[in-house]
There are 2 protein chains.
Amino acid sequence: MDRDIRVVQVGLGPMGLRIVRHILAERQGIMYVGAIDVAPELEGRDLGELAGVGPCAVPVSGDAARVFQETKPDIAIYTTVSYLKRFLPQTDVAIRNGVNVISTCEELSFPHFVDSELTARYDELCRKHGVTMLGTGITPGFLMDIRASVLTAACKDVQRIEVTRRMDATLGRQSFQQRMGVGMEMDAYRAAVAAGAIKGHVGLEMSICLIADAIGWALEEVRVMAPDPVMAGIPVASEFFTVGTGQVKGTEQQAVGIVNGEEKIRLDFAAYLGAEPSYDEVALYGTPELRARVTPSWPVDSGTVAMVVNLIPAVINACPGLLTINDLVPVSFKSGNMAGFVCQAG
Amino acid sequence: MDRDIRVVQVGLGPMGLRIVRHILAERQGIMYVGAIDVAPELEGRDLGELAGVGPCAVPVSGDAARVFQETKPDIAIYTTVSYLKRFLPQTDVAIRNGVNVISTCEELSFPHFVDSELTARYDELCRKHGVTMLGTGITPGFLMDIRASVLTAACKDVQRIEVTRRMDATLGRQSFQQRMGVGMEMDAYRAAVAAGAIKGHVGLEMSICLIADAIGWALEEVRVMAPDPVMAGIPVASEFFTVGTGQVKGTEQQAVGIVNGEEKIRLDFAAYLGAEPSYDEVALYGTPELRARVTPSWPVDSGTVAMVVNLIPAVINACPGLLTINDLVPVSFKSGNMAGFVCQAG
């Protein structure tokens, strides 16, 4: 019989606890052997109780090194921060203890774009210690990038890719609706964007990089536009907000990838109350030319939980290194010099 | 600078020549160094001239061993036969000469289902000689299987999968329309099915196996229904056929995969003149529940050419063995015992 996969959870915020809940309540063949969080008030608390699914005899600890040494897990799930430069140093203790890492850190989904020197250093460190590290999630990591690039595998030519995500923000949590500016006046929205309080969708540049990397387009520019308000033409409401005519009901935002002066990739993100129909669409221009539309739009929270958990076996099985999902899924249209996609070492 | 990928083409029927034409006319960084066919009348003919894109100084030969020894290619593209037991022995000469193999052989896309003993033997032979072999194509190999299983990567649970392909047969070649029974009377169609002259869509069982294998469903039965005629309610015509009311305008066919007495996978294939809208749809039942529809339906011939060519780098890079595309794309919902997806050797 197969030995259960042994997991340590690092970071017990809302996303971390959703993952814990899903694994404990709905998965077999995988078990938590440890939990790590820096918050002193969580020290010694039971992981299962924190997640709301009853005790699981795994206490939370702030001493990462001791947890990894004592429990010898197969993999650590990091749900801590979004930014690479803060994230990577946190993983030293896992890597040096021979523990694979999977994380929802947005910038980790395409770390080369953020800091290629730091990425190379951690890739080397992972390979030295024989562990694999992967950043994953649903956006970036699936809906606006991998879903598109996998579709191009059956294309003889790809000239341009557009991905549209149109979410009904009513289905999101209160904090998500707040981040989308729901219920604000236009002036307050603009001021919040200028102050950095409203950031729009995090990770559009990662999705553009993932698509370009899969297809072999050399990006000369990644341009992420400022988030724009979507105004309510008629009153609309969610569980948390009431939006009158002329107020903000959500956010839209575009990003483009430029190759040789041409726009090759366009991402179009919108989340607002009452979007109907909601959908996720990939438009491929080339041979063939077609549209692939998912309805309704993919739920973001359960999607990220699913990606993290479903990819655990693939990360454990993969060759050591700081990987992107393109290393796990090498299937897409290959543009230009085909020989450039062959590993020269092999 | 990267060295060009060196390719030998084995089999110069319509599909083989389409691939040759595409590579010679539209791809860079990849070159033909040899061509093999058993037809004596092709001996010495120029590969590029046969493909209709002008001479390329690669003569066709019937002596496979000599071609592989003299040209030392990175990979051989086999477009010869559909059935595994005839196909695998053809590849001995490539494997023993250290040449990777990619093929449109339908049964090669999930060979374990056809003959697990023979598959294990060739897997062993590939690993002994350090080569990779993969069966690919658009159906089976992408549209009705991989496209669905990749989507499930962002699912917390999958209870059932339905894939529908609804093609406008008008866009297919004359031989394809003929295979779909276009223009026949119902009695003649039924007789042709009984005699094995009309087989429906080849490879539905492979697609069911690929989905089940990705997700970890233990299939207890794969049931492929007999092809059924689609009757014309009003007259309809293609470039090649005129179909009157009450005559056959195409074929529909279902296949199901049974797990623990339950139907978990259903494939629904239809190709007939005038299908409008034409589409390829995946319906996922679980968490979340949604539909992913590609419009119009994916063109079959260019799709297969694209899959074969786009996957060449991945096959060259992959670990040795007789692989399926699930080995290259380990990304899907994982049901049941998660530990069962971890390579125990690793």
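Two strands are said to pair if DSSP finds at least two bridges between them, and helices (H or I, at least four residues) and strands (E, at least two) are themselves DSSP runs, numbered from the N terminus. The structure examined here is a predicted model, in which local features need pLDDT of at least 70, side-chain atom pairs count only at pLDDT 80 or more, and totals for chains, interfaces and linings use all residues. Residues are numbered from 1 along each chain as its sequence is written, chains are lettered from A and ligands numbered from 1 in the order in which they are written, and side-chain values use heavy atoms, with hydrogens and water left out.

Strand β1 (residues 5-10) of chain B runs parallel to strand β4 (residues 75-78) of chain B, and four bridges join them. Within this pairing, V7(B) faces I75(B) of β4(B). Both strands belong to an open sheet of seven strands, with parallel pairing and the order β3-β2-β1-β4-β5-β6-β16 (chain B). At its edges stand β3 (60-61) and β16 (321-323) of chain B; each has a single partner strand, so one side of each is left without a neighbour in the sheet.

Chain A also has an open, parallel sheet of seven strands, in the order β3-β2-β1-β4-β5-β6-β16 (chain A). Here the edge strands are β3 (60-61) and β16 (321-323) of chain A, each pairing on one side only. Strand β6 (residues 132-135) of chain A is linked to β16(A) by three bridges, and the two run parallel. L134(A) lies opposite L323(A) in β16(A).

How are the two chains related? Chain B can be laid on chain A by a turn of 180° and a shift of 0.0 Å along the axis, giving an RMSD of 0.0 Å, where the superposition is by least squares on the C-alpha atoms of residues with pLDDT of at least 70 in both copies. The two copies are thus related as by a two-fold rotation axis. The same surface serves both copies, as 100% of the contact residues of chain B recur in chain A.

Turning to the interface, 60 residues of chain B are in contact (heavy atoms within 4.5 Å) with 60 residues of chain A. The area buried between the chains is about 4800 Å², and carbon and sulfur atoms give 66% of it; buried area is the accessible area (1.4 Å probe) that two parts lose on being put together, summed over both. K156(B), W298(B) and M338(B) supply 14% of the area that chain B buries against chain A, more than any other three residues. Zero salt bridges are counted between chain B and chain A, a salt bridge being a side-chain nitrogen of Lys or Arg within 4 Å of a carboxyl oxygen of Asp or Glu. On the side of chain B that touches chain A, α12(B) gives the most, with seven residues. Strand β15 (residues 290-295) of chain A and β15(B) run antiparallel and are joined by five bridges. In that pairing, A292(B) is the bridge partner of V294(A).

Over all chains, the count comes to 32 salt bridges. One of them joins the side chains of D301(A) and R18(A), at 3.4 Å from N to O. This pair links distant parts of the chain, 283 residues apart: D301(A) lies in helix α12 (residues 300-310) of chain A and R18(A) in helix α1 (residues 14-26) of chain A.

Finally, some backbone details deserve a look. Most residues other than glycine have a negative phi, and most peptide bonds are trans. The peptide bond from T139(A) to P140(A) is cis, with omega near -5°, and P140(A) sits in the loop between β6 and α8 (146-151) of chain A. Another cis peptide bond joins E276(B) and P277(B), with omega about 5°; P277(B) is in the loop between β13 (262-272) and β14 (279-287) of chain B. N260(A), a residue other than glycine, has a positive phi near 50° and is placed in the loop between β12 (248-259) and β13 (262-272) of chain A.
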